[in-house]
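Here is my note on the model you sent. Please read it with the coordinates open.

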Amino acid sequence: LSKLQQIIALKFFGFDLAQIKQLLAHNANMLENLGMQAKFLQKKAEALLQASKILKQVTAHCGKEKSIPWEQIIHLIEVY
């Protein structure tokens, strides 16, 4: 049951099953890997917030009559 709880916790933190297998096999590196995953999740959260901001800007500038500015969206993604 303890091992299952560890797997569930690591899955919640974004590790895939192959990574979880490695982490549980080499428990000595657990703190280092958790720290790296925290940094990864922080960057991912920032990226999602940026994407949300871009979508809000696009929808604010588009009415029912206007088309979606795909070129502008692609440019924003490329810049990001």
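1. Contact here means heavy atoms within 4.5 Å. By that rule, and leaving aside neighbours within four places in sequence, Leu24 is in contact with Lys3, Gln6, Ile7, Leu10 and Met30.

2. Basis. This is a predicted model: local features need pLDDT of at least 70, side-chain atom pairs count only at pLDDT 80 or more, and totals for chains, interfaces and linings use all residues. Residues are numbered from 1 along each chain as its sequence is written, and side-chain values use heavy atoms, with hydrogens and water left out.

3. Elements. The protein has four helices and zero strands. The order from the N terminus is α-α-α-α. Helices (H or I, at least four residues) and strands (E, at least two) are DSSP runs, numbered from the N terminus.

4. Overall form. The radius of gyration of the protein is 19 Å, whereas a compact globule of 80 residues would have one near 12 Å. The radius is taken over C-alpha atoms, and the globule rule is 2.2 Å times the number of residues to the power 0.38. Along the principal axes, the C-alpha atoms fill a box of roughly 55 × 25 × 15 Å.

5. Burial and surface. Of the 80 residues, 15% count as buried. Buried means under 20% relative accessible area, exposed over 50%, and partly exposed in between (1.4 Å probe, protein chains only). The accessible surface comes to about 7,000 Å², and carbon and sulfur atoms hold 64% of that. Areas come from the Shrake-Rupley method with a 1.4 Å probe; for residues, only the protein chains shown count as cover.

6. Core. Which residues form the largest nonpolar core? There are six: Leu10, Phe15, Ile20, Leu23, Leu24 and Met30. Helix 2 (residues 17–25) gives the most to this core, with three residues. A nonpolar core is a set of buried Ala, Val, Leu, Ile, Met, Phe, Trp, Tyr and Cys residues joined through side-chain atoms within 4.5 Å.

7. Helix 3. Ala51 lies in helix 3 (residues 30–61), and Phe40 has its place in helix 3. Ala51 counts as partly exposed because its relative accessible area is 36%. Phe40 is at 46%, so Phe40 is partly exposed.

8. Distances, C-alpha to C-alpha. Ala51 and Ile77 are 26 residues apart in sequence and 8.4 Å apart in space. Phe40 and Ile7 are 33 residues apart in sequence and 19 Å apart in space.
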